[in-house]
Amino acid sequence: MSENVHLSEHDLILTADGELPARRRAEVNAHLETCWSCRERMLSLQNTIADFVRARNRELNEQLPSATGPRALLRARLTEAAASPSRPPAPRFSLPGFLFPTASVGRLAVAGAAFVAVVLVILVIFQSTVSAEGPKPRSGLTPGETRPITLEEVCLYSKAEVISRDIPQDMRQKVFAAYGIKSPQANQFEVDYLITPDLGGTESIRNLWPQPYSVRWNAHVKDKLEERLHELVCGRKLDLATAQHDIAVDWIAAYKKYVGDNAAQ
């Protein structure tokens, strides 16, 4: 490889993923050792991937239930397995360079089964949490965005305008793509404003997200929150900035705070 020819983005990505054939990988690594420019590009790519992974992990960690219960269950299962009545020495089996008592293998199998059971418990709890509340707006994709608006503009009408304005189809497609939703049905989701325009929300993609109809905390329930916030703001019982902040950070918590725990339509 000529030192004057820099590596392509394709080569750098495959190198970062460890997907290059051995011969090509050796050529790329040799070039990186002598080319400062390509080495800097490679470092930038790796940092970008690392930032994405950290952000994704933070997002998933916020959604996962506490691991305290499953960990206690795992410890109990392991203790139970360790306290099983002792048995006569069992035959041993071997692999090249290793020798394992069959009983030890049995204990490992029990521990492994317990671990699998705990993982299944976590997945069931996680699934039930998601299905009960529905997907929430992701802060990295939909942090909420506002425009300058006066209190007089907010309170121009006696009731909140909770019906979403027409959102262009190409913008709707971008929102669904950002949330990984393919081929959504018209009766499944409403592309909704996190902060409603009635409260100063913008029509930017940073203020839009796909809100489901078929879960407990659905688009119709959120409409009630928007009506209540409009009522409180225009009644001078809640300042506009607080209303915008609370609905953007966690609209379900805001509903429970300003409307009540009952999310029935």
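A disulfide is a pair of cysteine sulfur atoms within 2.5 Å. This is a predicted model, in which local features need pLDDT of at least 70 and side-chain atom pairs count only at pLDDT 80 or more, while totals for chains, interfaces and linings use all residues. Residues are numbered from 1 along each chain as its sequence is written, and side-chain values use heavy atoms, with hydrogens and water left out.

**View 1. Overview of the chain and its ten helices and four strands.** Helices (H or I, at least four residues) and strands (E, at least two) are DSSP runs, numbered from the N terminus. Read from that end, the order of the elements is α-α-α-α-β-β-α-α-α-β-β-α-α-α. Of the 265 residues of the chain, 28% are classed as buried; buried means under 20% relative accessible area, exposed over 50%, and partly exposed in between (1.4 Å probe, protein chains only). Contact means heavy atoms within 4.5 Å. Among contacts between residues at least 6 apart in sequence, 70% link residues at least 24 apart.

**View 2. The disulfide between C155 and C234.** The S to S distance of this pair is 2.1 Å, and a search of the whole structure finds one disulfide. Because the torsion about the S-S bond of C155 and C234 is about -105°, the disulfide is left-handed. C155 belongs to the loop between α6 (151-154) and α7 (169-178), and C234 to helix α8, so the pair ties together parts that are 79 residues apart in sequence. With a relative accessibility of 24%, C155 counts as partly exposed; C234, at 21%, also counts as partly exposed.

**View 3. C35 and C38, two cysteines in no disulfide.** For C35, the nearest cysteine sulfur is that of C38, 3.5 Å away. For C38, in turn, the nearest is that of C35. C35 counts as buried at 7% relative accessibility, and C38 counts as buried at 0%.

**View 4. The packing of helix α8 against helix α10.** Helix α8 covers residues 219-234 and helix α10 residues 251-258; the two pack at an angle of about 60°, with their axes 10 Å apart. Axes are lines fitted to C-alpha atoms, for helices over the stretch in contact, and angles run from 0 to 180 degrees between N-to-C directions. Angles under 35 degrees count as roughly parallel, over 145 as roughly antiparallel, 65 to 115 as roughly perpendicular and the rest as oblique; α8 and α10 are therefore oblique to each other. On the α8 side, V221, K222, K224, L225, R228, L229 and L232 meet W251, A254, Y255 and Y258 of α10. The residues of this contact comprise eight nonpolar, no polar and three charged, where Ala, Val, Leu, Ile, Met, Phe, Trp, Tyr, Cys and Pro count as nonpolar, Asp, Glu, Lys and Arg as charged, and the others, Gly among them, as polar.

View 5. T196 is buried, with a relative accessible area of 4%. Leaving aside its neighbours within four places in sequence, T196 is in contact with E161, G201 and E226. T196 and L208, twelve residues apart in sequence, lie 9.5 Å apart in space from C-alpha to C-alpha.

**View 6. I252 in helix α10.** I252 counts as buried, at 2% relative accessibility. Its C-alpha atom is separated by 8.8 Å from that of K136, and I252 and K136 are 116 residues apart along the chain.
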